[in-house]
Amino acid sequence: MQKSLSFAVIGCGSRGRTYMRIARDLGHTITAIADPSEAAIETMLGIAGDPAPRTFADADDLFAEPKLADVALVSTQDAQHFGHASAALRAGYDVLLEKPAAQSSEEVEELARLADENGCKLLLCFVLRYTPFYRTMKRAIDDGRIGEVISIQAAEGVGPFHNAHSFVRGHWAQTKDSTPMIIAKCCHDTDLMTWFAGSPCTAVSSFAEISHFRPDKAPEGSTDRCIDGCPHAGTCLYDANQYLTTQRRWLGMVRPDAEKMTDDDVREWLKTSDWGRCAYKCGQDTPDHQVVSMRFENGITADLTMTAFDTGRRTRIYGTKGILEGAIHADGREPWVECRPHTGGIEEIPIEEQETGGYAGHGGGDFGLIHALPALLAEATSDFIEGHRIGFAAAQSADEGRTVELTRG
Ligand SMILES: NC(=O)c1ccc[n+]([C@@H]2O[C@H](COP(=O)([O-])OP(=O)(O)OC[C@H]3O[C@@H](n4cnc5c(N)ncnc54)[C@H](O)[C@@H]3O)[C@@H](O)[C@H]2O)c1
């Protein structure tokens with residue numbers, strides 16, 4: 001029987017709802033919720049059930065009260081994380097914080113310091129660590145199947161339409177509103193690299209480019225909005241008219257009323273919203289591909305490729321006795337892991353069975369994280385910082401064109 005936790009939810013949007021549905025299913029309670037959106041509060045009240053939690057129109061109002069729960073879930077938008085997480089730590093909450101932790105390396109270190117100072121636990125929603133796929137890879141390494149790990153190669157394919165939706169047209173198109181894309185999208189991956197390497201990272205070097213989503217790559221004669229009679233509507237991969245058809249599911253990520261929208265509502269929305277713009281003319285500052293090289297203190301080297309032009313994650317780990325390789329959500333295939341010993345042959349490694357409570361989100365990681373939470377809170381503070389350090393150093397390296405050495409205070 002798990003320890004039952006009480007939650008204060010800061011930001012009752014898409015992520016907050018997902019985690020809290022799982023938490024309620026696992027027998028945890030929700031005692032306080034904050035969100036300026038009445039619709040978001042209403043939905044969360046439905047998830048919380050009885051007894052109804054106290055409601056607040058802003059995080060600050062909630063934190064002005066004496067502590068109302070064991071854990072504060074901070075699931076507001078990226079630029080709010082540092083402010084809300086620091087307020088929660090100062091108010092004495094253990095904090096479950098959505099990624100990215102903050103907008104700069106200094107802020108991330110400050111959060112870790114505040115957690116220590118206030119005797120609180122601070123955990124990041126690195127849901128991929130709790131997926132059956134990545135647990136299987138980690139166990140294979142820990143069991144010594146490939147001997148000593150020498151180097152790690154990983155790739156994250158954001159997906160062409162996903163990239164255009166989120167990082168060209170959408171919420172994460174401008175670094176100032178979030179973090180550099182290598183953190184906003186890939187802090188999961190850099191976190192996984194540190195988890196696999198089992199050692200702090202000492203140096204990072206990176207290159208990033210906007211090669212495709214730029215005005216000079218726009219198809220000839222394209223209009224500024226896809227709905228304005230663009231001659232490439234129907235053939236362009238990024239045609240926004242697809243929000244009416246094959247890409248309709250993305251509406252749910254940006255419109256709370258997506259399910260109620262008629263086709264005419266969507267057409268109207270495409271006339272004015274950011275998501276109706278030609279994906280080649282959005283002026284985003286996010287790269288569509290970036291490569292990061294890393295050196296770890298124990299001598300392991302690693303590289304990570306982020307690209308808009310693939311979908312899913314692939315990992316290959318080279319060891320003294322063999323190669324461990326796997327992919328998740330890639331090639332339209334089920335996740336797979338295999339080991340190729342240097343003596344020859346291919347050994348398929350079955351993906352661990354893991355309870356997912358019917359929640360498929362993030363390959364079962366959403367459920368896995370909330371399920372593991374009571375145990376994680378009982379452990380020492382999470383080692384979440386290292387992955388963020390790498391991400392910020394990668395952004396700096398790409399900006400400044402030099403290798404960044406990581407020093408620790
Ligand atoms: N762990 C992951 O893999 C993962 C996946 C997707 C998104 N995320 C991150 O999760 C976070 C939330 O994403 P989302 O899709 O749920 O966003 P969302 O916009 O649906 O939810 C954010 C909520 O915060 C509320 N809010 C705004 N100001 C507030 C305030 N002052 N006090 C309280 N609430 C306030 C908004 O009204 C909204 O309901 C983002 O930072 C995103 O980057 C993480």
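The ligand is surrounded by 24 residues, the closest being Gly 11, Gly 13, Arg 15, Ala 59 and Glu 98; a residue counts as near if its C-beta atom, placed from the backbone, lies within 6 Å. This is a predicted model: local features need pLDDT of at least 70, side-chain atom pairs count only at pLDDT 80 or more, and totals for chains, interfaces and linings use all residues. Residues are numbered from 1 along each chain as its sequence is written.

**Ligand shell**
- Helix H1 gives the most to this shell, with three residues. Helices (H or I, at least four residues) and strands (E, at least two) are DSSP runs, numbered from the N terminus.
- The shell has eight nonpolar, 10 polar and six charged residues. Ala, Val, Leu, Ile, Met, Phe, Trp, Tyr, Cys and Pro count as nonpolar, Asp, Glu, Lys and Arg as charged, and the others, Gly among them, as polar.

**Domains**
- The protein has domain 1 (6-124), domain 2 (128-213 + 284-405) and domain 3 (216-276), with bounds from an automatic or database domain assignment.
- The centres of domain 1 and domain 2, taken over C-alpha atoms, are 25 Å apart.
- Each of these two domains puts 23 residues into their contact (C-beta atoms, placed from the backbone, within 7 Å).
- On the domain 1 side, H1 (14-25), strand S5 (94-97), helix H5 (105-117) and strand S6 (122-124) each supply at least two residues.
- H1 gives the most to that side, with five residues.
- That side of domain 1 holds 14 nonpolar, four polar and five charged residues.

**A residue in contact**
- Val 9 touches Gly 16, Met 20, Ile 30, Ile 33, Met 44, Leu 73 and Ser 75, not counting residues up to four places away in sequence.
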